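Subject: The model we talked about

Hi there,

Here is the structure I promised to pass on. Have a look at it first, and then read on for my notes.

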Amino acid sequence: ILSPGRRAAVQSRPANPPNPQPMAAEPIPDETTVAPPASEVSPRRARAARWAKLLATFLTGQTLVQGLNVLTGFLLLRWMSVEAYAQYTVANSFQGTIGVLTDLGVSGSIVALVGQRIHDKRLVGEYVRAARAFRGRMFLVMALVAAVAFPLVTKNQPWAWHVKLLLLGGVLTQIFFSAWGMYNAPLLMHRRLADSYRAATVPAVLRLAVSSAFHAAGALTGWLATWINGTMTLVGGWMTRRASRDLIEEPPRADPERTRELSLYIRPLVFSSVYYSFQSQIATLAISLTGDPSMIASLGALGRLGMLFTVLSSFSTQLLQPSLARQLPTSRLLSFLRGFAVNIVALSFVASLLLAFPTLCLTLLGSRYHHLQSLFPLTFLASSFSLLSGYAFLSLATCRYLTQRYTTLTPILLTVLQLTFVLLFPIRTPSTALAFSVFTYSAALAFHSTFFWLQFLRGRKNDQEAPA
C-alpha cells in the first residue's frame, strides 16, 4: 500500500528506462598479484607474532634484571670477607624459609583464581586485597617465630649479638615489603612485561650503586647488604603497585567471599609450602649448625652460580604460568609438555655453555673459591632439577590439580627419602649438600610430573562421562 505521493512517483516512472552505458570490463587480476584479504590471516601466525613480541620483551627485561642481580651477587662475593659473606648467606637462607612460610602460596593464587577474567578490575582488586590481608596476618605470626628461631640457627656462630639482630631486622624488612610484589600479578596477566621489568630494573640498579658506594667506603658488611636488599624490595614493590593502578580496583577491606576462595585454594598448599620452605634451604641451614663459616661461604658461592639459571625460572613464572592458566582443560597436558621441553632445551644450553668455559665461572667467583671447580657439574645439575620440579609444581597449582592428599603425602615421602640420604651421607660438605639437592629435586620432579598426567587423564575421563 503506497502513499499518494509514492504512488504518483511510481506512475510517472518510465516503463522501459534507458539502458545505462556499458561499463568497461575490468581486467582480471593475475593470481600472483592478488593480495590475501585481511580476514584470511592465519591465527597461528598472529599468535606466533604475539609470542615473538612477548619473548623479545622478556629476554630484554630478564637480561637487564637478572644480569644486574647476578653481577651484584658476584661482586658481593668478591668484595666481602668470608665471614661477612657467610653472614649474608645465612640471612638469605633464613629469609627464604620465613618468606615461604609467610606467603604459603597466596601470591601465586591471584593468577590462578582470576583465570580468564583479567579485565574485571574490581574482581582482580578483591583478590589482591584478600591476599594482602592474609599475608599481613601471617607476617605478624612469622615475625615472632623468626625472633626465636634465628638466634637458635646462629647459636654456634661467633658473631656479636648486635650483628645477629641487624641480620634479623634486614630479613624481616625484606619479607614485609615483598608483599607488594602481589601487584605484579595484574601486570603479568595483561602481559605488560615492560612495566613489570621497569619496576625490577630500577631497584637492581640502585642496589648495585649503593653496594658499590659502601664497598668503596670500606663499610660493606653482611648485615648491611641484607638491609640494602630490604630497602630495594620496598622500592620495587612501590613501583609495581604504582604501575598496576589502572588494572585493578582494590577495595579498602578484604571481601569475605574472596577470602574464602583464597583459603580453599591455598589449603592444599599449606603442608607442602611448609615442607618446601625448609627443603630448599636445609642444606645451608644444616651446614650453618656446624659452625664452619668457610663451608657456608663455599655453598653460598656455588649458589651464586645457580643464579645463572634464574632467568629460566622467571620464564616459567612470567610467561608459561599465565599462558597455562588460560588454556582449556583439554589443552593443558600439551601446554605443560611444551613448557617442559622448552625448559629442558634452555637448561641444557646454559649448562653446556658454562661447562665449556669454566674460566668464566672461576672469574665470577674469585680466587678464594677456585677450589670449587670440581663441583660445577653437580651445581648445574642441582639447579636444573630445582627449576624443573618447581615448574611442575607451579603447573599443578595453576591448573588447580593439587589435592589435600597429594600435598600431604608427597612431603612425607620426600622426607623419608631425605632422611635415608642423610643417614647414609651426612651433610657436612658442599659436595654432599649438592648431592642431597639433586636427589631431592629429582624425586620431587618425578612425583609432580606423574601426578599432573594422572590428574589430566582423570579430568578428561570425567568430561567424557558427563551427560551432554
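Let me start with a charged pair: D195 forms a salt bridge with R198, and their closest N and O atoms are 2.7 Å apart. By salt bridge I mean a side-chain nitrogen of Lys or Arg within 4 Å of a carboxyl oxygen of Asp or Glu. D195 and R198 are about one helical turn from each other because they sit three residues apart in helix α8 (residues 193–216). Helices (H or I, at least four residues) and strands (E, at least two) are DSSP runs, numbered from the N terminus.

Before I go further, please keep in mind that this is a predicted model: local features need pLDDT of at least 70, side-chain atom pairs count only at pLDDT 80 or more, and totals for chains, interfaces and linings use all residues. Residues are numbered from 1 along each chain as its sequence is written, and side-chain values use heavy atoms, with hydrogens and water left out.

**Salt bridges**

D195 has another partner as well: it forms a salt bridge with R192, where the closest N and O atoms are 2.9 Å apart. Are these residues buried or exposed? D195 is buried, with a relative accessible area of 18%, while R192 is partly exposed at 23% and R198 is partly exposed at 46%. The cut-offs are under 20% relative accessible area for buried, over 50% for exposed, and partly exposed in between (1.4 Å probe, protein chains only).

The structure holds nine salt bridges. One of them pairs E250 with R132, the closest N and O atoms being 3.0 Å apart. This pair links distant parts of the chain: E250 lies in the loop between α9 (222–243) and α10 (256–279), R132 lies in helix α5 (residues 121–153), and the two are 118 residues apart. E250 is partly exposed at 26% relative accessibility, and R132 is partly exposed at 23%.

Which residues does R129 contact, leaving aside its neighbours within four places in sequence? They are E250, P251, P252, R253 and A254, where contact means heavy atoms within 4.5 Å. The C-alpha atoms of R129 and R253 are separated by 6.9 Å, although the two residues are 124 apart along the chain.

**How the helices pack**

Angles under 35 degrees count as roughly parallel, over 145 as roughly antiparallel, 65 to 115 as roughly perpendicular and the rest as oblique.

- The axes of α12 (residues 293–306) and α16 (residues 376–398) come within 9 Å and cross at roughly 60 degrees, so α12 is oblique to α16. The contact is made by L302, L305 and G306 of α12 with F376, T379, F380 and S383 of α16.
- The axes of α3 (residues 82–103) and α12 come within 8 Å and cross at roughly 65 degrees, which means that α3 is roughly perpendicular to α12. Among the contacting residues are Y85, Y88 and N92 of α3, and P293, G300 and R304 of α12.
- The axes of α14 (residues 332–356) and α16 come within 11 Å and cross at roughly 165 degrees, so α14 is roughly antiparallel to α16. The contacting residues include F336, F340 and L347 of α14, and F380, L387 and Y391 of α16.

**The chain as a whole**

Buried residues make up 47% of the 468 residues in the chain. Of the contacts with a separation of 6 or more, 87% are between residues 24 or more positions apart. The accessible surface comes to about 24,000 Å², and 66% of it belongs to carbon and sulfur atoms. These areas come from the Shrake-Rupley method with a 1.4 Å probe; for residues, only the protein chains shown count as cover.

Best wishes

Notes:
Axes are lines fitted to C-alpha atoms, for helices over the stretch in contact, and angles run from 0 to 180 degrees between N-to-C directions.
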